[in-house]
Amino acid sequence: MAAVRVEAVLAAAEEQEAEKRRSITVEKELELEFDLGNLLALDRNPPSAAPLRGAGPRREALLRALARDNTQLLVNRLWELPAERAGGAGGPLVARLPEPAFRLPREKPPPRPRPPTRWEQFARLKGIRRRKKTSLVWDEQAKEWRRRWGYRRAGGDPARAWLAEVPAGADPEEDQFARLRREKRERVARNELNRLRNLARAHRDGSAVPAAPLHPTGHQDREELRRVARVARVSTASLGRFQPRLPKEPAEPPSRSGGKKRRFEPLLGNLAAERSRQLELLRDIGSKKPVLDITRAVNKQLRQEEAEAAAAHKGKKQSQRGKRGRRQQRPGRSGKKSGARRQQQQKSAGG
Amino acid sequence: MRPLTEAETRAVFEKLGKYIGENIQLLVDRPDGTYCFRLHRDRVYYLSEKLLKLAASVPRDSLVSPGTCFGKFTKSQKFRLSVTALDFLAPYAKYKVWVKPGSEQSFLYGNHVLKSGLGRITENTAQYQGVVVYSMADVPLGFGVAAKSTQECRKVDPLAIVVFHQADVGEYVRNEDTLT
């Protein structure tokens, strides 16, 4: 009795082991299509229809077996890829996936086009087309090509215009310069109003237009641009943490309170903690200094050169005794006149 | 008055380190009491904990100078060491320059030290290394930056500048109004 039971148990155990070590080869009628870049395997084999019809444990078993077989085939393919050890000798084995071939569909719907502005509608109605303007204009007075607007524009500096004619039907007492200034201000304000209206219309109609434009227009002030630059920097996957700074941007990142009050440590906080932090900082600074002291090496080299030069000079001197040696030495030594002059200069500099 | 931020502390320590090297630890971690650095109106002060507690009760507008002023932060956030730190730099200085009696006065008036006025200089001084200037009687006169390394100092002509002047004790008289 006991022997039979033991045999049964052993047989069951062997069966379990065999199941675990099932063969890694899978037989399929049609070969699977693989896109290893996306870890994708496409099975075009028609499944057997009968078991799939009714819901039940047979269906589950069939589906599970199908999934297991296809995954086995995919993993077999992955093992064939070129692999390397990440992170040096003892790191994990990492396969190098090829470029994905399958184009994944969009996550969000594509952005709708922006609705046309009032001017664009009018232009379409009238058939007005955009004419490309040249960037430079010939200035007859200055006899050279000047830009159309901006610094040194053609037509002279508007700020230096010293004459403003009184137009035919205008009040002679009116200040023409003030009128020009006022009209310019009104034009700018109207332009700005229309721009904002277009923007609001686009935003209302639901196209993907940001409420504050992220591209630089001519009419943004410094604060707005700074805000926009901050938004742009933070719009990365790591929320701007590893974004390199622009050339003139300040080094210290702005606080998380968004540009409001700066927060400092309390005046009489934990002094021991402060001291330990400072010591750590000192250690950090100390460790950053390079081990090879370049200046010491240079000095050593200089000392060597000096010693060599001195030895060579001594050898030369001994061979060049006599008239020749004396004649060569004289221009080098300081004469009485130049020495006195130098002393005078020193005294005047010191006093 | 407030404690220094991380960046400010780093700037101060790097500047001090140019003159006293790793001896800054002796300033930060003292056996005879807790001393700390505090910032008041862009100037960095070094004061003991006892003095800090006293100074904390003085209104900001009335507070002139808590402790010893080491230097100040300029408008572009660079740290500039002032002569009032000399008492703390002199005992821990790594590279020293001794000036002859004849050109002591010249240095105290704010001029650079010329080779002709150079008495002694520490061996292995690198170029542009921070140095403390002493008189021949070992009295600290101020500090500066070595214009030439020790090796070059030997070879250069007598009117060349060997130490750029940065601060001297004569400033106590000249800049009496602005020193704190």
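Let me start in a loop. Asp42(B) sits between strand S2 (35-40) and strand S3 (43-48) of chain B. This is a predicted model, so please hear every value as computed from it. Asp42(B) is not a glycine, yet its phi is positive, about 70 degrees.

Arg152(A) is a residue other than glycine with a positive phi, near 55 degrees. Look for Arg152(A) in the loop between strand S6 (144-147) and helix H5 (176-204) of chain A. Arg152(A) counts as exposed, at 56% relative accessibility.

Back to chain B, and its overall make-up. Chain B has 7 helices and 11 strands. There are 180 residues in chain B, and 47% of them are buried. Now take the contacts in chain B with a separation of 6 or more. Of those, 58% are between residues 24 or more positions apart.

Next, the aromatic residues. Which residues of chain B form one aromatic cluster? They are Phe13(B), Tyr35(B), Phe37(B), Tyr46(B), Phe70(B) and Phe88(B). Over all chains, the count is 12 aromatic pairs. One of them is in chain A. The ring centres of Trp119(A) and Phe122(A) are 5.7 Å apart, and the planes are at 40 degrees, so this pair is tilted. Trp119(A) and Phe122(A) share helix H4 (residues 118-126) of chain A. The two are 3 residues apart there, about one turn of the helix. Trp119(A) is exposed, at 53% relative accessible area. Phe122(A) is partly exposed, at 38%.

Thr117(A) is in the loop between strand S4 (93-95) and H4 of chain A. Thr117(A) has 14% relative accessibility and counts as buried. What does Thr117(A) contact, leaving aside neighbours within four places in sequence? The partners are Asn198(A) and Arg201(A).

On to the interface. How many residues of each chain take part? The contact brings together 28 residues of chain A and 33 residues of chain B. About 2900 Å² is buried between chain A and chain B. Carbon and sulfur atoms give 63% of that area.

Then the polar side of it. Between chain A and chain B there are 3 salt bridges. The count of residue pairs in polar contact, both at pLDDT 80 or more, is 4. Which elements of chain A give two or more residues to the side that touches chain B? Helix H7 (271-288), helix H8 (294-319) and helix H10 (336-350) do. H7(A) gives the most, with 10 residues. By class, this side of chain A holds 11 nonpolar, 6 polar and 11 charged residues.

Let me pick out one residue of H7. Glu274(A) lies in that helix of chain A. The side chain of Glu274(A) forms a salt bridge with that of Arg38(B), 2.9 Å from N to O. Why does Glu274(A) count as buried? Its relative accessible area is 11%, and buried means under 20%. Beyond its neighbours within four places in sequence, Glu274(A) is in contact with Cys36(B), Phe37(B) and Arg38(B).

Thr125(B) is in the loop between strand S8 (118-121) and strand S9 (130-135) of chain B. Thr125(B) is buried, at 0% relative accessibility. The Thr125(B) side chain reaches the backbone oxygen of Thr122(B), at 2.6 Å. Now set aside residues up to four places away in sequence. Thr125(B) then touches Tyr95(B), Val131(B), Ala146(B), Ser149(B) and Thr150(B), and also Asn299(A) from the other chain.

Glu274(A) is in contact with Phe37(B), among others. Thr125(B) touches Asn299(A), among others. Thank you.

Technical notes
Residues numbered from 1 in each chain as written. Chains lettered and ligands numbered in written order. Heavy atoms only, no water. Contact = heavy atoms within 4.5 Å. Buried area = accessible area lost by both parts, 1.4 Å probe. Salt bridge = Lys/Arg side-chain N within 4 Å of Asp/Glu carboxyl O. Polar contact = N/O pair within 3.5 Å; in protein donor to acceptor, adjacent residues only side chain to side chain. Helix = DSSP H or I, 4+ residues; strand = E, 2+ residues; numbered from the N terminus. Nonpolar A, V, L, I, M, F, W, Y, C, P; charged D, E, K, R; others polar. Phe/Tyr/Trp six-rings, centres within 6.5 Å; stacked < 30°, edge-to-face > 60°. Buried < 20%, exposed > 50% of the residue type's maximum accessible area, 1.4 Å probe, protein only.
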